[in-house]
Amino acid sequence: MQPSSICIPKRSFFIRTSQILSPLLLSRRPIPVRLSSSQPSIITMSSSVAAAADSGMDAVQRRLMFEDDRDAFLNCHLVHSLGRCILVDAEDRVVGHDSKYNCHLMEKIESENLLHRAFSVFLFNSKDELLLQQRSETKVTFPKVWTNTCCSHPLYRDSELIEENFLGVRNAAQRKLFDELGIAAEDVPVDQFIPLGRMLYKAPSDGKWGEHELDYLLFIVQDVKVHPNPDEVADVKYVNRDGLKELLRKAEAGEDGIKLSPWFRLVVENFLLKWWDHVEKGTLHEAADMKTIHKLT
């Protein structure tokens, strides 16, 4: 086994994620995880995971930055660190992978031109209202800002690398809707996500962290039950067109401390209102253009 690899044989067992992640994020030493009384397995830290000891991040931020590949522990995917993002070129061709940490570090983004694949979900209910979330204050990038329903990254794993019919990003969207908002997978079937477009943008969050993403814009119309994860989401609300316009007005005026994420603002300015027409008409498929990559940096 390579020193930076993790592999746990498949078997019937349950491990609390925090029991693995807490020592992983604080130590470079091999961590034994006992699956049975006779067969321990060893998890060894990689250099990128060791960066989680960053003094500028609290315990929740470290966990959120590295937790996305926790399923790898249970499914025996071979991974080189936690939370591997898919690196792509400007034409959305996969060129490799890197840690979630590195992909959001502006120093790495600028010096190595790291660009990773992402997705943004826009979930509407049967009243044609859009579900928005306010990002948790524990978010490393853009804490406390209002944004679309869910924004995250497909991971470098087989199920989220599938290019055909954009199934990889659809699978990732379903996963993160549950992680962030507690929306059950059966309420958001992967075949109900409609990819409408792709955009490439770069946005620094503060002096250290930021985003450089090739973002898939996924729309879905479903009535769902929402149970937000407070580590990920501070607040949620549905808005109609007038409610969105009022939110935009407050953000422009700086009222009530309202801020919007840069990717959400780009979608609002370039696509959202005309696509909302198609939501109301039930013609979303007619709006799709997945051949163009809109470079909005």
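The legends below describe close-up views of a predicted model of one protein chain.

**Figure 1. Overview of the protein chain.** The chain has 297 residues, and buried residues make up 51% of them. It contains 10 helices and 12 strands. Of the contacts between residues at least 6 apart in sequence, 68% join residues at least 24 apart. The accessible surface comes to about 13500 Å², and carbon and sulfur atoms account for 48% of that area.

**Figure 2. The aromatic pair of Tyr 101 and Trp 209.** The structure holds 10 aromatic pairs, and this view shows one of them, Tyr 101 with Trp 209. A pair of aromatic rings is described by the distance of the centres and the angle of the planes. Here the ring centres are 5.2 Å apart and the planes stand at 90°, so the pair is edge-to-face. Tyr 101 belongs to helix H5 (residues 100-103), while Trp 209 sits in the loop between strand E9 (194-204) and strand E10 (210-221). The two residues are 108 residues apart, and their pair links distant parts of the chain. Tyr 101 and Trp 209 are both buried.

**Figure 3. The aromatic pair of Phe 122 and Phe 264.** The rings of Phe 122 and Phe 264 form a tilted pair, with 6.3 Å from centre to centre and 35° between the planes. Phe 122 comes from strand E5 (residues 116-124) and Phe 264 from helix H9 (residues 262-281), 142 residues apart. Both Phe 122 and Phe 264 are buried. They also belong to one aromatic cluster, together with Phe 124, Phe 219, Phe 271, Trp 275 and Trp 276.

**Figure 4. The largest nonpolar core.** In soluble globular proteins, nonpolar side chains tend to be buried together. The largest nonpolar core of this model has 33 residues. Phe 122, Phe 124, Leu 130, Met 199, Phe 219, Phe 264 and Leu 272 have the most contacts inside this core. At least two core residues come from each of E5, strand E6 (130-135), E9, E10, helix H8 (241-253), H9 and helix H10 (284-287). Helix H9 gives the most, with 10 residues. Leaving out residues up to four places away in sequence, Phe 122 touches several residues, including Leu 130, Asn 148, Leu 217, Phe 219, Val 267 and Leu 272. A second, separate core has 25 residues, among them Val 188, Tyr 216, Val 233 and Met 290.

Figure 5. An α-helix has 3.6 residues a turn, so residues three or four places apart point the same way. Phe 271 has a relative accessible area of 7% and is buried. Trp 275, at 6% relative accessibility, also counts as buried. Apart from neighbours within four places in sequence, Phe 271 is in contact with Met 199, Leu 217, Leu 266, His 294 and Leu 296. With neighbours up to four places away again left out, Trp 275 touches Leu 196, Gly 197, Leu 217, Phe 219, Leu 284 and Ala 287. The C-alpha atoms of Trp 275 and Ala 287 are 6.7 Å apart, and the two residues are 12 residues apart in sequence. Between Phe 271 and Ala 287, 16 residues apart along the chain, the C-alpha separation is 9.9 Å.

Figure 6. Helix H7 (residues 167-181) has 15 residues. From its first C-alpha to its last, H7 reaches 21 Å, close to the 21 Å expected at 1.5 Å a residue. The helix is mostly covered, with 13 of its 15 residues buried. Gly 182 follows H7 and has a positive phi, near 65°.

**Figure 7. Two loop residues with positive phi.** Most residues other than glycine have a negative phi, and most peptide bonds are trans. Phe 142 has a positive phi, near 50°, and is found in the loop between E6 and strand E7 (146-147). Phe 142 counts as buried, at 9% relative accessibility. Asn 165 has a positive phi near 55° and lies in the loop between strand E8 (150-152) and H7. Asn 165 is exposed, with a relative accessible area of 54%.

**Figure 8. A lysine over a tryptophan ring.** Lys 237 lies over the face of Trp 146. The distance from the ring centre is 4.8 Å.

Technical notes
Residues are numbered from 1 along each chain as its sequence is written. This is a predicted model: local features need pLDDT of at least 70, side-chain atom pairs count only at pLDDT 80 or more; totals for chains, interfaces and linings use all residues. Side-chain values use heavy atoms; hydrogens and water are left out. Helices (H or I, at least four residues) and strands (E, at least two) are DSSP runs, numbered from the N terminus. Buried means under 20% relative accessible area, exposed over 50%, partly exposed in between (1.4 Å probe, protein chains only). Contact means heavy atoms within 4.5 Å. Accessible areas come from the Shrake-Rupley method with a 1.4 Å probe; for residues, only the protein chains shown count as cover. Rings of Phe, Tyr and Trp (its six-membered ring) pair if their centres lie within 6.5 Å; planes under 30 degrees apart count as stacked, over 60 as edge-to-face and the rest as tilted. A charge sits over a ring if NZ of Lys or CZ of Arg is within 6 Å of the ring centre and within 35 degrees of the ring normal. The expected span of a helix is 1.5 Å times one less than its number of residues. A nonpolar core is a set of buried Ala, Val, Leu, Ile, Met, Phe, Trp, Tyr and Cys residues joined through side-chain atoms within 4.5 Å.
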